[in-house]
Amino acid sequence: MTLDALDWRLMNDWQRALPLVPRPFEVIAGELNTTEDCVVARLKNLLETGVISRIGATCRPNTLAASTLAAVAAPPDKVEEIAAIINAQEGVNHSYERENKWNIWFVATGPDRAFVNDILRRITEQTGLRVLDLRLRQPFNVDLGFALDGSNALPAPRAQTDDIVIEDSDRAIMQALSEGMSPTACPFAELADRLDLTEAAVIDRVRVLAEAGILSRIGVIVRHRALGWRANAMCVFVVPPEEIEACGRALTAVQGVTLCYERRPEPDVWPYTLYCMIHGRSRAETLDVLSQARVAAKLVPYAYRVLFSTRCFRQRGALIDVSQEGRKNAD
C-alpha cells in the first residue's frame, strides 16, 4: 500500500487527540485542509488494509478493568499450538512470540482480577506450563501513542482529575471504544445507537473518562509492524526498588522509548522490575536507542535483557465489559 503525506498525518497526529464532538472528522479535516468525506474515506482504507487496527480508545490498566502481562516457556516445536490455546481464551488481547526461553508473551484482561486469574488458571491447566503473572505496579507511560516520525513529539495527554464517579454505562462505553468506532461522519452517534444511549451522553462520558485518566487516549490505533517498525523489543531491567521511579521517568523521556512501567517480578525465574518498549525499523536502530536509554536513565549498572518480538499472534482492544450490553460488537 502506498501512503501519502495526508495518510501519515492522519495516523501520527490523531493517535490520542480525536476531537470529542459529534463530527470529529470534520474538525480533523479542517486541521488538514481537506474535507470530511476525504478523511472518512482515508480512514476506511487504512482500516481495510490493516495499517490501523481501529479508531477507538485504550483504557488505563486496572481502572475500569483488570489486566496483567504474562508469559510461558513453550517448547520450540509447540509454539503455535500453545499460542492457539492462549488466544482461545476470552480476554487475551495481545500475544507475541519473543526471543527468550519465556517465548510467548500475552496480555490478559477482564472486568475484574478474578476473571484474569481464571484465564491464567485455564492456560496452566490446558498447556501444562507455568505462567508468569507479571502484574503492573506503577505505570510511567502506558497510553501506547507512538510518534511515526521517530520522535516523542505526540500531543500532550489531556489534563487529568481524580474527581470521578463511575456510572453504570462507563464499562459498556469503554468496551465499545476498545473494539473500535466506525469511520462515519458521526461515529459517536453510531456508537450510542449500539449502546442504547444518546450521542450527547456518550460524548460527555468519554470526556469525563478522558479527564480522569481512565481513558488513556482516544484516536487512531496504529499497527506499527505494518508500517515498517518490525524490530520491536521489550527491554527489562533489574532495578533496586528505591531507584525504579527515577529510572522509569527518565526512560519515558528518551526518544524512541514508548511504553514504560514497573511490574511485579517472579524472583526465582524472572527478577526484572522495570520494562520499556522500543520500536525500531532495524535491530541496530533499536539497540542504539537502548544504549542511549541505559545511559540517560542511569541503568548501566543493572542487569537487563532485550526480547525482540518475532511474531504477533494477536493485537486488539482489551476486554472490559462481558455483559450483553458491553459486548454487542465483540469479535
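What follows is a chat about ring pairs, charges over rings and a few backbone details in a predicted model.

Biologist: How many aromatic pairs are there in this one?

Modeller: In this predicted model, the count comes to 4 aromatic pairs. One of them is formed by Tyr261 and Tyr275, whose rings are 5.8 Å apart centre to centre, with 35 degrees between the planes, and this pair is tilted.

Biologist: Where do Tyr261 and Tyr275 sit in the chain?

Modeller: Tyr261 belongs to strand β9 (residues 257-263) and Tyr275 to strand β10 (residues 274-280), 14 residues apart, and the pair is one that links distant parts of the chain.

Biologist: And is Tyr261 buried or exposed?

Modeller: Tyr261 is buried, because its relative accessible area is 8% and the cut-off for buried is under 20%. Tyr275, at 0% relative accessibility, counts as buried as well.

Biologist: What about Trp270 and Tyr272, how are those rings arranged?

Modeller: Trp270 and Tyr272 form an edge-to-face pair, with 4.7 Å centre to centre and 65 degrees between the planes. Trp270 counts as buried at 1% relative accessibility, and Tyr272 is buried too, with a relative accessible area of 8%.

Biologist: Which residues do the ring pairs link into a cluster?

Modeller: The cluster consists of Trp105, Trp270 and Tyr272, linked through ring pairs.

Biologist: Switching to charges, which residue lies over the face of Tyr261?

Modeller: That is Arg263, placed over the face of Tyr261 at 4.4 Å from the ring centre. Elsewhere, Arg283 lies over the face of Phe308, at 4.0 Å from the ring centre.

Biologist: New topic, backbone: what is the phi of Asn62?

Modeller: Asn62 has a positive phi of about 60 degrees, although this residue is not a glycine. Asn62 lies in the loop between β1 and β2 (66-72), and at 38% relative accessibility Asn62 counts as partly exposed.

Biologist: Okay, and Lys298, where is that one found?

Modeller: Lys298 is in the loop between α10 (283-296) and β11 (304-315). Although not a glycine, Lys298 has a positive phi of about 55 degrees, and Lys298 counts as exposed because its relative accessibility is 66%, where the cut-off for exposed is over 50%.

Biologist: Last one: which side chain does Thr58 contact?

Modeller: The side chain of Thr58 is joined to that of Ser216 by a polar contact of 2.6 Å. Thr58 lies in strand β1 (residues 52-59), and with 9% relative accessibility Thr58 counts as buried.

Note on methods:
Residues are numbered from 1 along each chain as its sequence is written. This is a predicted model: local features need pLDDT of at least 70, side-chain atom pairs count only at pLDDT 80 or more; totals for chains, interfaces and linings use all residues. Side-chain values use heavy atoms; hydrogens and water are left out. Helices (H or I, at least four residues) and strands (E, at least two) are DSSP runs, numbered from the N terminus. Buried means under 20% relative accessible area, exposed over 50%, partly exposed in between (1.4 Å probe, protein chains only). A polar contact is a pair of N or O atoms within 3.5 Å; within protein, one must be able to donate a hydrogen and the other to accept it, and residues adjacent in sequence count only if both atoms are side-chain atoms. Rings of Phe, Tyr and Trp (its six-membered ring) pair if their centres lie within 6.5 Å; planes under 30 degrees apart count as stacked, over 60 as edge-to-face and the rest as tilted. A charge sits over a ring if NZ of Lys or CZ of Arg is within 6 Å of the ring centre and within 35 degrees of the ring normal.
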